[in-house]
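Open your viewer and get your selection tool ready. We will hop from one residue to the next, and then zoom out to take in the whole chain.

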Amino acid sequence: MHICWAPSWPNYIERWHPRSLGRVLRLHGGKMPLQYLMEQPWLQGMRDHVRLTEVMSVPAGATHRVVQRRQFKTNVERLRRRRMRRKGETAEQVAAAIPNGIERRPNLPYVQLRSASTGQPFCLFVDQEAKSAEAVSGTFNSYGLSHGATVPWF
C-alpha cells in the first residue's frame with residue numbers, strides 16, 4: 001500500500017527564541033492510509049511517550065498552509081571539500097569559488113534525522129507559509145512536505 005500523508009505542527013514557533021516545532025505533530029491524509037501508517041512499527045519504543053488520537057475529519061472552515069522543507073548551505077568547509085572531490089579543483093580554486101559569506105545560519109525549527117542511505121545525521125528545517133483560505137493540491141516528498149500543496153490548518 002502506498003502511504004500518502006503530510007505532517008503539520010500546529011504549535012510551530014518560527015523565527016523566535018526558542019524556535020520549535022511544538023509538542024503536537026498532526027498527520028493529514030485519507031482514513032485508510034493513516035490507519036495503515038499507525039499499524040506500522042514507526043513509533044516502536046515511543047508509544048509510552050506519545051498520546052495518539054483516532055483519525056478525525058478536518059473541521060469546517062479550516063484554513064490551509066504550505067509546509068515545506070528548506071535547505072541551507074550551512075557549512076562552507078563541507079561545501080569546499082565536496083567541490084574538490086567532484087570537480088578535482090585545488091583548495092585555492094575552491095576557496096575562490098565558495099566564499100565564507102555563502103554560509104547561512106537558518107533560524108527555523110528543525111527535526112534531526114538520520115539518512116537512510118548514508119546513515120549520516122542531518123537537520124530537516126521546516127518552514128510554514130502564511131495561512132490561506134484556499135486548498136492547493138500538489139505533490140508531497142518522502143517526508144510529506146511540499147513546495148506548493150497545502151495541508152489543512154486548525
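Start by selecting glutamine 68 and whatever surrounds it: leaving aside neighbours within four places in sequence, glutamine 68 is in contact with Phe125, Val126, Asp127, Glu129, Leu145, Ser146 and His147. Contact here means heavy atoms within 4.5 Å. Before you click further, note that this is a predicted model, in which local features need pLDDT of at least 70, side-chain atom pairs count only at pLDDT 80 or more, and totals for chains, interfaces and linings use all residues. Residues are numbered from 1 along each chain as its sequence is written, and side-chain values use heavy atoms, with hydrogens and water left out.

Stay with glutamine 68 for a moment. This residue sits in strand E3, residues 63–70. Helices (H or I, at least four residues) and strands (E, at least two) are DSSP runs, numbered from the N terminus. Is glutamine 68 buried or exposed? Its relative accessible area is 9%, so glutamine 68 counts as buried; the cut-offs are under 20% for buried and over 50% for exposed, with partly exposed in between (1.4 Å probe, protein chains only). Now show side chains: that of glutamine 68 makes a polar contact of 2.8 Å with the side chain of histidine 147. A polar contact is a pair of N or O atoms within 3.5 Å; within protein, one must be able to donate a hydrogen and the other to accept it, and residues adjacent in sequence count only if both atoms are side-chain atoms.

Next, select glycine 148, in the loop between E5 and E6. With 34% relative accessibility, glycine 148 is partly exposed. Beyond the neighbours within four places in sequence, glycine 148 touches Val66 and Val136. Try the distance tool from glycine 148 to glutamate 129: they are 19 residues apart along the chain, and their C-alpha atoms are 9.7 Å apart.

Alanine 135 is the next stop, again in the loop between E5 and strand E6 (150–153). Alanine 135 is exposed, at 53% relative accessible area.

Now move to serine 115, in the loop between strand E4 (110–114) and strand E5 (121–128). Which side chain does the side chain of serine 115 join in a polar contact of 3.1 Å? That partner is serine 117. A polar atom of the serine 115 side chain also lies 3.1 Å from the backbone nitrogen of threonine 118. Leaving aside neighbours within four places, serine 115 is in contact with Gln120 and Phe122.

Finally, clear the selection and switch to cartoon. The protein chain has three helices and six strands, running β-β-α-β-α-α-β-β-β from the N terminus. The chain is more spread out than a compact globule, because its radius of gyration is 19 Å, well over the 15 Å that the globule rule gives for 154 residues. This radius is taken over C-alpha atoms, and the rule is 2.2 Å times the number of residues to the power 0.38. Along the principal axes, the C-alpha atoms fill a box of roughly 60 × 35 × 30 Å. Of the 154 residues, 28% count as buried.
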